[in-house]
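This report looks at selected residues, their contacts and their salt bridges. The sequence and the structure are shown first.

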Amino acid sequence: MGTAKRRVLVCSAWPYASGVLHLGNLVGCLLSGCVFKRFFRLRGCDALHVSGTDAHGTHIEFEAIRQGMSPHELANRVHLQIVEVLDAFEIDIDNYTITESPVHKEFVTEIYRQMDAAGYILSQEEERAFCRGCQRFLADRYIVGTCPRCAYAAAKGNQCDACGSLLEPEELQAATCAFCGSRDIVRRKTRHWYLDLAKLEPQLKDYVRNRRFQGNVAEFSQRMLDEGLRPRAVTRDIAWGIPAPFPGAEGKVIYVWAEAALGYVSATIEHFRRVGQAERWKEFWFGEDIKQVYTQGKDNIPFHTLIFPGQLVASEQGYHLPDQISATEYLNWIGGEQFSKSRGVGIYADEALELLPPVYWRFYLLYNRPEGRDTSFSWEEFDKAVNGILVNNIANFVHRVLSFVWSRHGGRVPDVPTDAELSAAIGETIDEVVRVIESGALAPALRRIAGLAVLGNEYFQRRAPWREGDEAAVASAAHLVKTLAVLLDPFVPMFSRAIYEVMGIAEPVLEEARRSPAGTRLVRQPRPLLEHVDIKELQERYHAMKEADMVSLEEFAKIELRVGRIVHAEAVPGADKLLRLEIDLGARKAQAVAGIRAHYDPAELKGRLVTVVANLKPATIRGIKSECMLLAAQGETLSLIGPEGQVEPGAKIS
C-alpha cells in the first residue's frame with residue numbers, strides 16, 4: 001500500500017498519565033508518529049496525526065494513591081507536562097487529547113453499545129482474584145506474579161512484559177497484591193462483560209493474513225492466533241474509568257485497553273469538530289482511499305493487530321482497519337537497565353531538554369531507533385550520531401557549501417545543471433527513503449540521508465571549486481544541500497527550517513528535492529547551523545543533574561532512625577488514604593499520620609515493628625499533629641520497613 005492513498009492517518013500509542021516520558025517512550029510512539037506525518041505531508045498527502053494521554057486504568061489509580069492525589073488530578077498534571085514536552089521537541093500532533101475528553105467517553109459508550117447490539121459482547125458470572133487484605137478485586141497492575149508462559153517473576157495481571165502474552169489475573173502464579181503486599185488472595189464471584197474474540201477469529205485471521213505484517217508485528221500477532229483467540233474481558237471492578245454501558249454493569253468501568261485504542265477514532269472526531277468540519281472524520285475511517293500508520297512499542301502489538309481491529313469489526317459499522325504497525329523494540333538505559341525516574345536511571349524528556357536543544361535528541365533517537373532488536377543508550381553512540389554525523393558530516397557540509405555560494409558567487413547559485421553523478425545519487429536516495437519509510441521503518445531512511453551528505457563532502461572536496469572555479473560543482477553541491485534539507489524535514493524540522501530560511505524555500509514538498517536551485521539567490525548570509533557537543537562536559541552535567549537531589553553524608557547524619565512499635569492505628573475521619581498511628585519509641589511515644597490506608601488494615605498493624613524517622617519536625621495533617629515518619633518501600637506493592645528479628649522499641653538504627 002503506497003502513496004496512491006490520498007489520505008494518511010497516523011496514530012501514536014497513548015502514553016500513560018502516570019509520569020513524564022523517557023527517551024524510549026518518546027521515540028517509540030510520539031516522535032516516530034511525527035516523522036511519518038511530516039513525511040506523508042511532504043509527499044502531498046492529506047495526513048493527520050492523532051494521539052493523547054491515557055488517563056484511565058489501574059496504573060494511574062495506583063500511582064495517584066501512591067502520590068496522595070486523585071487520579072483526575074494526576075492525569076491532568078501529567079497531560080500538561082507531556083504537552084509541554086511535545087511543544088519543545090516540535091512534535092506537532094494535530095490533536096493530542098486525553099481519554100478524559102467528553103468526546104472520547106461519548107464515542108466509547110456508543111461503540112460498545114453497537115458491539116453489544118451486534119452480538120459480540122457476552123457476560124458471565126465468574127470468580128475473580130480478590131485481596132482479603134485490602135478488600136478489593138485485583139486486576140491488571142493491582143496484582144503481580146509469575147507468568148505461566150515464560151516464568152517471568154514480575155508479570156502483571158493483564159500482560160507479561162517479558163514474553164508479550166496477554167494474561168488474566170487468575171493465571172499468575174505466586175501472586176501478590178500490588179496495594180498491600182498481601183498474598184491472601186482468594187477468588188470471589190463477580191460478573192464481567194467480554195468481547196467475543198473467538199467469534200471474531202475468522203475475520204481477524206483474514207485481516208492479519210491480508211495485511212502481511214512484518215517482523216515483530218507478525219511474530220506477536222501470529223503467536224496469539226496460533227494459541228487461539230478467547231473472549232477478552234472489557235470491564236473491570238474499579239472506580240476510575242469510563243462507566244460500562246451494558247445493562248446490569250452498574251459500578252463497573254471499561255477496561256483501559258478496551259477503550260484507549262478507540263481513542264484514535266474519538267481523537268479524529270474531536271479534531272474535526274474543533275475545526276468546524278464535523279463529518280470529515282469519516283474520510284479517515286471509512287473507505288479504501290486511506291492509509292493508516294500506527295507507531296508504538298512492541299508491548300502494544302496484540303492490542304493493535306487483534307483487539308482494536310476486533311472492536312471495529314464487532315461494531316459492524318464498516319470501519320477501515322489498521323494498515324501498518326510500525327512497532328519498535330525497547331530502548332533501555334546503559335547496560336540494558338530499565339529507565340526509572342525514582343531511581344535516577346536514564347534520561348527523561350524534561351531532563352533531555354535541560355541538557356541539549358531538541359534537534360540533537362531527535363536526530364540521535366531516530367538514527368538509532370530500535371527497529372530490529374532492543375538497544376541501549378550509550379554516550380559513545382550519542383557522540384557518533386550527533387557529532388560524527390549530524391554536526392561534522394551534515395551540518396558542516398551544508399554550511400560549507402552555502403557559505404561558498406555566498407562569498408564566492410555573491411549569494412547566487414550558478415545557473416548550470418547538476419552533474420549526472422550527483423543527480424543520480426539524489427534520485428536514488430529519494431526513492432530509497434520513500435521505499436523505506438512507506439515500509440514502516442525510519443532509522444534506515446535517516447542513515448541513507450546521512451550517506452548522501454558523506455557523498456557530498458567527498459564530491460565537494462574532490463572537485464575543489466575554490467581552485468578551478470568549477471560552477472557545476474557548486475551548483476551540484478547546492479542541489480544536494482537542498483535535497484538534504486527536504487529529506488531531513490520529517491526527522492529534524494528545526495534543522496531543515498534553518499536551511500530553508502537561507503535558501504528561500506517556502507513550502508517544501510518532496511519532489512522539490514529533485515529540482516536544482518540553480519540560478520536562485522540565497523536570501524540571507526549563512527551561519528553555522530549546529531555546535532559540536534562536548535560529550536565529557538555533557539556527561540558531567542547529566543551526573544550533576546542526577547546528584548542535585550542527593551543527600552550529603554553530613555545531612556544524612558542528622559536523620560535519627562529508630563525502631564518503633566505500633567500500639568494503635570485508626571482511620572482518619574474524612575480521609576480515604578490516611579491512618580493515625582501511635583508509636584512506641586522506647587523513651588517516648590509519638591504520633592504519625594501516614595498515607596497507607598489503601599495498603600494496610602488498621603487492625604493488622606497493632607504490634608508491628610517499623611522503622612521511623614524519629615527527629616522529624618512536627619507537621620499538622622488534617623488537624624492531627626504528626627511527629628514522626630514511617631519508612632516504606634514502593635515497588636509493585638508498598639511495604640513498611642522494619643527489623644527482621646525482635647528488637648526493642650527505641651533501638652537506634654545506624
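## Contacts of a loop glycine

Contact here means that heavy atoms lie within 4.5 Å. The model is a predicted one, and in it Gly411 occupies the loop between α11 (379-408) and α12 (420-438). Once neighbours within four places in sequence are left aside, Gly411 is in contact with Val405, Trp406, Thr520, Arg521 and Leu522. Gly411 counts as buried because its relative accessibility is 2%, under the limit of 20%. From Gly411 to Ser266, which is 145 residues apart from it in sequence, the C-alpha to C-alpha distance is 50 Å.

## Two further buried residues

Ala485 belongs to helix α15 (residues 471-488) and, with a relative accessibility of 0%, is buried. Apart from neighbours within four places in sequence, Ala485 is in contact with Ser496, Ile499 and Tyr500, while its C-alpha atom is separated by 9.7 Å from that of Ile505, 20 residues apart along the chain.

Glu170 is found in the loop between β7 (155-156) and β8 (173-177), and its relative accessible area of 17% also makes it buried.

## Salt bridges

In the whole structure, 44 salt bridges are found. One of them joins the side chains of Arg38 and Asp92, at 3.2 Å from N to O. This pair links distant parts of the chain, 54 residues apart, with Arg38 in helix α1 (residues 23-42) and Asp92 in the loop between α3 (71-88) and β3 (95-98). Arg38 is buried at 18%, whereas Asp92 is partly exposed at 33%.

A salt bridge also forms between Lys298 and Asp374, whose closest N and O atoms are 3.0 Å apart; the partners, 76 residues apart, both lie in loops, Lys298 between β13 (290-297) and α8 (301-314) and Asp374 between α10 (358-367) and β16 (375-376). Lys298 is buried at 12% relative accessibility, and Asp374 is partly exposed at 32%.

## A nonpolar surface patch

Val551, Phe556 and Ile559 make a nonpolar surface patch of about 280 Å². Ile559 is located in the loop between α18 (553-557) and β17 (561-571), and its relative accessible area of 37% makes it partly exposed.

Terms used: Residues are numbered from 1 along each chain as its sequence is written. This is a predicted model: local features need pLDDT of at least 70, side-chain atom pairs count only at pLDDT 80 or more; totals for chains, interfaces and linings use all residues. Side-chain values use heavy atoms; hydrogens and water are left out. Patches are made of residues with over 30% relative accessible area and no salt bridge: like charges are joined within 9 Å, nonpolar side chains (Val, Leu, Ile, Met, Phe, Trp, Tyr) within 5 Å. Accessible areas come from the Shrake-Rupley method with a 1.4 Å probe; for residues, only the protein chains shown count as cover. A salt bridge is a side-chain nitrogen of Lys or Arg within 4 Å of a carboxyl oxygen of Asp or Glu. Helices (H or I, at least four residues) and strands (E, at least two) are DSSP runs, numbered from the N terminus. Buried means under 20% relative accessible area, exposed over 50%, partly exposed in between (1.4 Å probe, protein chains only).
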